[in-house]
Amino acid sequence: MRVLPGLLLALGIGAVTGLGLTALSVGRGTGAGTLRIGPWLATPKAGTPEADPYARAVTARLGTLPLALADGLALVAEADAEGATLDGRCTYRVAGSVPPARFWTLTATRADFAPAVAEGQRQVFTSYEIVRQAEIGTDIVVAPQARAGNWLPSGGVADLRLILRLYDTPVATTISAATVLPAITRVSCP
Amino acid sequence: MSRRPGRLGLAFRRVLGALPWVVAGLLLGVAVHILSVFALPRLAPDDARARLAEVTAVNRLTTLSGGGSLVLPLADPAFETAVCRYDLTAGPLHVRAPVTPHYTAIALYTATGLAFGAINDRAATRRTLDLFVVTQAQRRELATDEEETAADNLILVSPTTEGFVLIRALAVQPSFAPLIREQLAAQSLCEILTPEQAPATQ
């Protein structure tokens, strides 16, 4: 192969694979600092000066200021306990014990982290509002239609994400794969 | 094949000749990937700095109203937020937040959105949460006395001259939000200190 076409081929492959890898990896839980705990993803270091390059890139691309670790820790779920991608048209139960924290919030969002439902509807549950049951720590139903009990509307969006944020929590520094988090189970799907 | 290089043989040789270029391209791809991930925080056109530059003034506190999540994606909708884009060139910055009924936190970020410090209302000794943001040089000038908490003054060193302060307060129910927002707007502060106002460390 002659030099010029070869060089062009190499440059083309380099640009496509390099930028493609970046586009695919940033924001998908890549990076050494990301923990997978069941369906939940956490990047504790993202809220500190030691954030890894992937976490920094995610922050810049989203155009946000991440939750500082001394403030709180965010956990994002894109799938249920069985590994199936979350779908707002289905009904889910988020139940189990939440790690110790001063309080926590649970939010339903879309894949771009915009709220799943419009303002005026319930976008978030705080632990202060939860109706507790005798046996189970926390039990929230995420569904498109209204339910009795702790109902978080999902707006029927196809690209549902759940974000659990723990505030003022000792877990921020001790979190590991063994940390117990609420389970996300699918109840029904139309 | 060597006896009579047919069409297939020629194509095979061609592919073999291109192989080093393909390998070089893949290696280049890895380098491009690493470089682009590192460059993203500097090059992202729609980062927090760009978004906030449109709605805020330097060293002035801006309350992000109900639709705050539109300005800062991934913000918790349970919170009311006030933001201050700071520039420490003229002097140290005084940040004050009111202690709201449930939870208030002040978080500090560099210009590229790296969180370098945060405190919440547990650190408050009065009805307000006060802290001072200084550069490394200003910190040295300020005082040699290490006991900065003696006067209840919390001093944080910013790694960059410019950055952001985020004051966030929890509204436990959506109906509390307007009240909390009002309290933030009325009692929060973000201003550059004149030399006479520099925090006492005695």
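**Chains A and B in contact**

Reader: How many residues does each chain put into the contact?

Author: In this predicted model, the contact takes 49 residues from chain A and 49 residues from chain B, where two residues are in contact if their C-beta atoms, placed from the backbone, lie within 7 Å. Residues are numbered from 1 along each chain as its sequence is written, and chains are lettered from A in the order in which they are written. Local features need pLDDT of at least 70 and side-chain atom pairs count only at pLDDT 80 or more, whereas totals for chains, interfaces and linings use all residues.

Reader: Which element gives the largest share on the chain B side?

Author: Helix 1 of chain B gives the largest share of the side that touches chain A, with 18 residues; helices (H or I, at least four residues) are DSSP runs, numbered from the N terminus.

Reader: Switching to chain A, how many residues of helix 2 are buried?

Author: Nine of the 10 residues in helix 2 of chain A (residues 53-62) are buried, a term that requires 20 or more other C-beta atoms within 10 Å of a residue's own, with C-beta atoms placed from the backbone. Among them are A:Tyr54, A:Arg56 and A:Leu62.

Reader: And what do those buried residues pack against?

Author: They pack against helix 1 (3-25) of chain A together with helix 1 of chain B.

Reader: What happens just after that helix?

Author: Just after helix 2 of chain A, A:Gly63 takes a positive phi of about 70 degrees.

Reader: Last one, what does B:Ile106 touch?

Author: Not counting residues up to four places away in sequence, B:Ile106 touches several residues, including B:Val95, B:Ala118, B:Leu129 and B:Ile167.

How values were computed: Helix = DSSP H or I, 4+ residues; strand = E, 2+ residues; numbered from the N terminus. Buried ≥ 20, exposed ≤ 12 C-beta atoms within 10 Å, placed from the backbone.
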